[in-house]
Amino acid sequence: MKNYLPSITLAAFLGSLHLAGAADITGKVTLKGTPPPERTIEFEAMCGKLHSKPVTTRHYVVGADKGLANVFVYIKQGAQKAPAAGEGPVLDQVGCMYEPYVMGVVTGQKFKVRNSDALLHNVHATPKPGGNKEFNFAQVSKGQVNEKSFDAPEVLVRMKCDVHAWMFAFIGVVDHPYFAVTDKDGNFTIKNVPAGKYTVEAVHQKAAPTGKTAEVEAGKSVNFEIEVPAQ
Amino acid sequence: MDRSGWFFRQLTTQSINNIWLHRFAVLTAAATLFLIWMGGLVTSHGVGMAVPDWPTTYGYNMFAFPFPQWVGGVFYEHSHRLIASAVGLLTAVLAIWVWLRQSVGSQRRIVLCGIIATLGLMGVRTQTMFVILAIVAVGVVVFSLARAKVEPQPLRWIVLTAFALVLIQGVLGGLRVTQLKDEIGIFHGTVAQIFFALVCAIAIVTSSRWAQSKIAVYDGGPLRYLYVFATGMIFLQLIIGATMRHQHAGLAIPDFPLAYGKLWPATDAASIESYNQTRIEVAAASPITASGVLLQMVHRINALAVLALVLVACVKTVRRFGWRSGFSKGAAFWSGLIICQALLGAATIWTNKAADVATAHVSLGALSLVTGTSLILWASRCFQPAARTVEPMGLVTKSEVPA
């Protein structure tokens, strides 16, 4: 079993400054170890027609140089509360799958839930007990969009469709805009972080969350490594 | 012969022992088992929230929901609702039938008008209306049970209780969806078992065998208390099972007979995190929690207790009455059910909670409760009360004991 217990090595460094006193935190999350094999999703008839190739679960999506995708990276400590800038993200339902698999929002920020399938889904948020308010609503037609938000920080809130049991995704909710989700190669960029000392945490829905402190100084870079064991 | 005259004579004859009434009660019980089976499919597939609205279905009147949209989890949940409506209607007819047969005067008019008015109000498909009806139904249950205790013909009050209970049950199911509360689901699962046992009891007491059975002539000794205790433990087991299903803890422990390779699994935070991380689920399984693991361990231990109790009850029954006795046959059947039930419980784990296996486990659990309830009923009727002197036991042979 220990062979399946990967760890994630996260190397982050302070990026170049875009604004006076603000900088990007960039880095990469890598997976150490061999993850268990993903399982093929058995679609029901209507959803099956939307896919020409087998589709698997997305627990561990590993890219180049063992970079791990779908990791929510955010400043856990040190950041001041701040509202979101710009429009909220979109959680889409395409081919009876959620896209993206992991995304982030700021508390109170409206995000859109869209049904791009010509069939019905229900959208069911299942926060942790004592956390955000659970909700469940129907999206019966193609193109339907609803706006939702979460009031309390919570990493991660699971979204699911009860009509199609294999459909689930995760949303990281924090009270500031300093977060990112790793791309297919495990890279991330947390933009416009004010100078200061922060605890950054990388959360993967299977691996354990781990945080390490990185000092951010204007014009300098900081490298750090976060190991996230899957044990 | 005037067919309508025959129909009304059948309906109004003041005798409980009516073959068609009994058959109708059996039909209602069978429909209830079918409903429990469908409810088991809903929870086994984890699709209880697939229809997010109630009493409508995706905005439609539930009876007009287009069939092409019965897909995925919607199929199970919507079917469950429709079958529940059918069971509600059957129970209403049963209640009307019994009240027509067992009562006269203003009391009959009031109750029959109440039942028919309730059926009419079902057409007002708003959540508020259903909640109001359920609140009234709680009062009806309390009143009916009180009347059943003191009246010489209690069946009509028992049937009225069943009608009120099925109404409450439907509203619990609806509120579980709209209020997003797993806890309501646990009540829903528990009331389902009580209702099924009640309907089966009605089927038994309306049978000709019940009417012809000998009353209080068998010395059952402490057997009746053993039946009561074992049935109580089964009921407790069903509550634990309902809690597991509605807390999504059915696979909180993925192996059997060990638990995470141990006799007693670790439930510290690090272990729980590890259990969740190493699980590669296809469906949106809820996170494993320490309480879920403990709940399943309690379910396993109580299963052992139930198995032991029912086997002891069977052995003691056979020793007292011999193999040819109806009680012995009933107790043997009960033991067989419990053994199958234990195997199905293990199979639920071994098959990674395959929906058909898990659903069979739910259904057999309900049958086990009903079998125990039946034995209690027959024992209550046929066993001699401890402090009562009756005709000599030698007058009745062992094989005549009904069950």
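Reader: Which helices of chain B each supply at least two residues of the lining of the second largest pocket?

Author: This is a predicted model, and what follows describes that prediction. In chain B, helix 9 (223-246), helix 11, helix 12 (326-350) and helix 13 (355-382) each supply at least two lining residues to that pocket. The space in the second largest pocket is about 780 Å³. It has 33 lining residues, and those closest to its centre are Gln237(B), His299(B), Ala303(B), Gly345(B) and His361(B).

Reader: How many residues of that lining are nonpolar, polar and charged?

Author: The lining of the second largest pocket has 17 nonpolar residues, 13 polar ones and 3 charged ones.

Reader: How should I read a helix such as helix 11 of chain B, and what follows it?

Author: Start with the turn: an α-helix has 3.6 residues a turn, so residues three or four places apart point the same way. In chain B, helix 11 covers residues 290-321, 32 residues in total. From first C-alpha to last, helix 11 reaches 46 Å, close to the 46 Å expected at 1.5 Å a residue. After helix 11 comes Gly322(B), with a positive phi near 85°.

Reader: How do I read the size of the interface, and what area is buried between chain A and chain B?

Author: The size of an interface is often given as the accessible area lost when the parts come together. Between chain A and chain B, about 2,500 Å² is buried, and carbon and sulfur atoms give 59% of this area. In chain A, the residues that lose the most area to chain B are Arg39(A), Leu120(A) and Lys206(A), together 22% of what that side buries. Counted by contacts, 35 residues of chain A meet 28 residues of chain B.

Reader: Where in chain A is the pLDDT below 50?

Author: Where pLDDT is low, the predicted coordinates should not be read in detail. For chain A the mean pLDDT is 83, and 81% of the residues reach 70 or more. Residues 1-19 of chain A are below 50, although the model gives this stretch 88 contacts beyond near neighbours in sequence. Residues 218-224 of chain A also stay under 50, with 20 contacts beyond four places in sequence.

Methods
Residues numbered from 1 in each chain as written. Chains lettered and ligands numbered in written order. Predicted model: local features only at pLDDT ≥ 70, side-chain atom pairs only at ≥ 80, totals over all residues. Heavy atoms only, no water. pLDDT = per-residue confidence, 0-100. Contact = heavy atoms within 4.5 Å. Helix = DSSP H or I, 4+ residues; strand = E, 2+ residues; numbered from the N terminus. Expected span 1.5 Å × (residues − 1). Buried area = accessible area lost by both parts, 1.4 Å probe. 1 Å grid on protein atoms, 1.4 Å probe; cavity = no way out; pocket = protein on both sides within 12 Å on 5 of 7 lines; lining within 4 Å. Points joined across faces, edges and corners; volume = space filled by probe spheres on them. Nonpolar A, V, L, I, M, F, W, Y, C, P; charged D, E, K, R; others polar.
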